[in-house]
Amino acid sequence: MVHSYLDEGRPLYTCARCHTHLSYQDSILSKSYHGSTGEAFLVCHVENISVGASERKMLMTGIHTIADVFCSTCHTQLGWKYLRAFEPSQKFKENKFVLEKRRILKETFYA
């Protein structure tokens with residue numbers, strides 16, 4: 001598998017286990033989400049992941065079709081992807097990701 005390397009001149013998030021580049025800080029849409037390990041972020045774009053099987057699940061905001069997402073290097077579960085929202089007010093989540101804060105690291109690189 002070929003990995004994408006994000007521009008290290010911008011703050012980014014990596015996998016907490018293996019430091020694979022995942023997403024830029026400015027891809028975070030909200031920091032007020034919760035996952036199975038606590039705090040989580042809603043993110044619009046993530047690189048270097050694999051997406052698991054889809055499942056319909058009842059979440060705090062209603063029924064959604066989601067799929068777990070994993071680091072493509074070390075296979076750590078990072079969170080999930082919203083594939084479908086059934087409530088009209090939740091449609092904005094479709095094709096967005098939830099990354100669990102305990103499973104990612106903020107990296108700031110300096111030249």
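What follows is a short exchange about the structure shown above.

Q: What kind of model is it, and how are the residues numbered?
A: It is a predicted model, where local features need pLDDT of at least 70 and side-chain atom pairs count only at pLDDT 80 or more, while totals for chains, interfaces and linings use all residues. Residues are numbered from 1 along each chain as its sequence is written, and side-chain values use heavy atoms, with hydrogens and water left out.

Q: Which domain does UniProt place here, and at which residues?
A: The unreviewed UniProt entry places the feature "domain: Yippee" at residues 11–108. UniProt positions are in the numbering used here, feature names are shortened, and annotations may be inferred rather than shown by experiment.

Q: How much helix and strand over residues 11–108?
A: That stretch is 0% helix and 61% strand, and its end C-alpha atoms are 5 Å apart. Helices (H or I, at least four residues) and strands (E, at least two) are DSSP runs numbered from the N terminus.

Q: OK, the largest pocket. Which residues lie nearest its centre?
A: H34, G35, L59, W80 and Y82, out of 16 lining residues. A pocket is an open set of points on a 1 Å grid over the protein atoms alone, where a 1.4 Å probe fits, with protein on both sides within 12 Å along at least five of seven lines; lining residues have an atom within 4 Å of a point.

Q: Which elements give two or more residues to that lining?
A: β3 (28–35), β5 (49–59), β6 (62–71) and β7 (77–85). β3 gives the most, with four residues.

Q: Now the largest nonpolar core. Which members touch the most others?
A: L22, V43, V46, I49, L78, L99 and I104, in a core of 15 residues. β1 (12–15), β4 (38–43), β6 and β8 (97–100) each give two or more residues to this core. A nonpolar core is a set of buried Ala, Val, Leu, Ile, Met, Phe, Trp, Tyr and Cys residues joined through side-chain atoms within 4.5 Å. Buried means under 20% relative accessible area, exposed over 50%, partly exposed in between (1.4 Å probe, protein chains only).

Q: And the second core, which residues does it include?
A: It is a separate core of seven residues, including Y33, A40, W80 and V98.

Q: What is V43 in contact with?
A: Leaving aside neighbours within four places in sequence, V43 is in contact with S23, S27, I28, L29, K96, F97 and L99. Contact means heavy atoms within 4.5 Å.

Q: Switching to C18: where is C18?
A: C18 is in the loop between β1 and β2 (21–24), and is partly exposed at 26% relative accessible area. Beyond its neighbours within four places in sequence, C18 is in contact with C71, T73 and C74.

Q: Is A67 buried or exposed?
A: A67 counts as buried because its relative accessibility is 0%. A67 is in strand β6. Neighbours within four places in sequence aside, A67 is in contact with V51, G52, A53, S54, W80, K81 and L83.

Q: Which residue other than glycine has a positive phi near 70°?
A: H75 does; H75 is in the loop between β6 and β7 and counts as exposed at 56% relative accessibility. N48 is not a glycine and has a positive phi of about 60°. N48 is in the loop between β4 and β5 and counts as buried at 7% relative accessibility.
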